[in-house]
Amino acid sequence: MAHIHDLTALEQAEAVRRREISPVEITEHYLDRIERIDPQVGAYVTVTAERALAQARELTDPHGPLYGVPIPVKDLNLVKDVPIRFGSATYEGFVAPVDDTVVERLRDAGTVMLGKTATPEFGLPCYTETSVSPPSRTPWDLSRSAGGSSGGAAAAVAAGLAPAAQGSDGAGSIRIPSSVCGLFGIKPTRGRISFAPIIPDLAGLSTNGPIARTVADAAALLDVMAHNNPGDLYLAPPHEGTFLECAAREPGRLRIARYATPVVDGAEVHPDVLAAYEEASKTLEELGHEVVDIASPFGPDLVPQFVTMWFAFACMHPVALDRQDRLRPLTAWLRERGFAVPAPTFLQAQSSLQLATRMALMATDPYDAVLTPTVTRPPVPVGWFEDAGDPEETFERMKRFAPFPPIYNVSGQPAVNLPLHWNADGLPIGVMLAGRVGGEGTLISLSAQVEAARGGFWGDRRPPVW
């Protein structure tokens, strides 16, 4: 008989509907695994065991596709009356005054919050190593990083400490950890999921999104999370039906563009990553799709514009003067540069990126999807980004490691990580598919087709901690 954590999120919900298992039993199972396994993995910064069990006991009338399923929340999102650190020692003792509306949606759908998953300081780095919790590690090799900034969320799902998880993505923060943890993650179209009531939309780089082991689980979680609130600056094109229905729908024959040239100078794509990219291309062609090589629709001249905006956004979280010394070196370095960015410079950077997006969409819209690597190399050792001891070098390593994902935060297009490849060392390496604005449904249908053709993304593989 399968263990509870061997079941997908949808299978768990179906078992609840059939009264074969209760939400309390599922919650107790995961809480026990978290207690035993999470010290090795570093997925959670806060475990809300009593709250989770109380939520589970209240679930007595099953409805909806994820009713009774535990879904943790990233520690950049507000959950009323639960401490939130934002990955920073500067927020020690702070308790969220309200729920984010996406948290309300998760609760209304009957999911259970096991706790808050670890994130790097203010979600800025692409690795999850903080001053408030242990490093988040990929369960496929505990000496290596789980990525970031949704590193804790991805580590939790890949280690069987949650069936699926809520994450967020401002420059690849769902897709990067999904790649290094062997998961399916969706960065939705800009404006698909509200950040209300407190977190601002600003340039629209960041969005909430799902992380899961299967396409259908992620699609069902996206259905739960998708919503808008009055005052949102961006609205995604409407989607007919559910995203879960798309996971059961054949995509038809698609035209898929591809490129593997990084926009960041000095970034080199590792041979294992190129192997994953070629393997994905072959699989897509075998499924009957047309795969066409194109030049990168964005050029390296845009990287400084994005960096300017990233510097400025590093200053968004207020930090008390008497706690400035608690900032990690990279964060302090980013904020120093951000506070020095004049408003006209920021606006010029945003204007340049919007103009480039208009040109890029003209080049990619003739295609149903665009295939690229997700990151440039296999999962790196914990500490690798910072071992030079120089924040500027850490930032350069981040840029060279993940030059592909931020493109679609700039454009607002949906993009997913497909966990198709494991290298000779047993490390997962994902590839990325981006779609047209509003085209999550096509990406989900295509990804589900690939998943079925491969017999499931994980097949018989399980990470050692499973």
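**Sheet pairing and pockets in the predicted model**

Strand 2 and strand 3 (residues 115–117) pair in the parallel sense over two bridges; strands are DSSP runs of E of at least two residues and helices runs of H or I of at least four, numbered from the N terminus, and pairing requires at least two DSSP bridges between two strands. The model is predicted, with local features needing pLDDT of at least 70 and side-chain atom pairs pLDDT 80 or more, while totals for chains, interfaces and linings use all residues. Residues are numbered from 1 along each chain as its sequence is written, and side-chain values use heavy atoms, without hydrogens and water.

Val73 has Lys116 of strand 3 as its bridge partner. Three strands make up an open sheet of mixed pairing, in the order 1-3-2.

Pockets were located on a 1 Å grid over the protein atoms alone, as open sets of points with protein on both sides within 12 Å along at least five of seven lines; lining residues have an atom within 4 Å of a point. Of its 40 lining residues, Ile199, Pro200, Ser206, Met316 and His317 lie nearest the centre. Strand 4 (164–169) and helix 10 (303–313) each contribute at least two residues to this lining.

The second largest pocket holds about 340 Å³. Among its 19 lining residues, Arg190, Ala203, Thr357, Val410 and Ser411 are closest to the centre. Helix 12 gives the most to this lining, with six residues.

How values were computed: On a 1 Å grid over the protein atoms alone, a cavity is a set of points where a 1.4 Å probe fits but cannot get out, and a pocket is an open set with protein on both sides within 12 Å along at least five of seven lines; lining residues have an atom within 4 Å of a point. Grid points are joined across faces, edges and corners, and a volume is the space filled by probe spheres set on the points.
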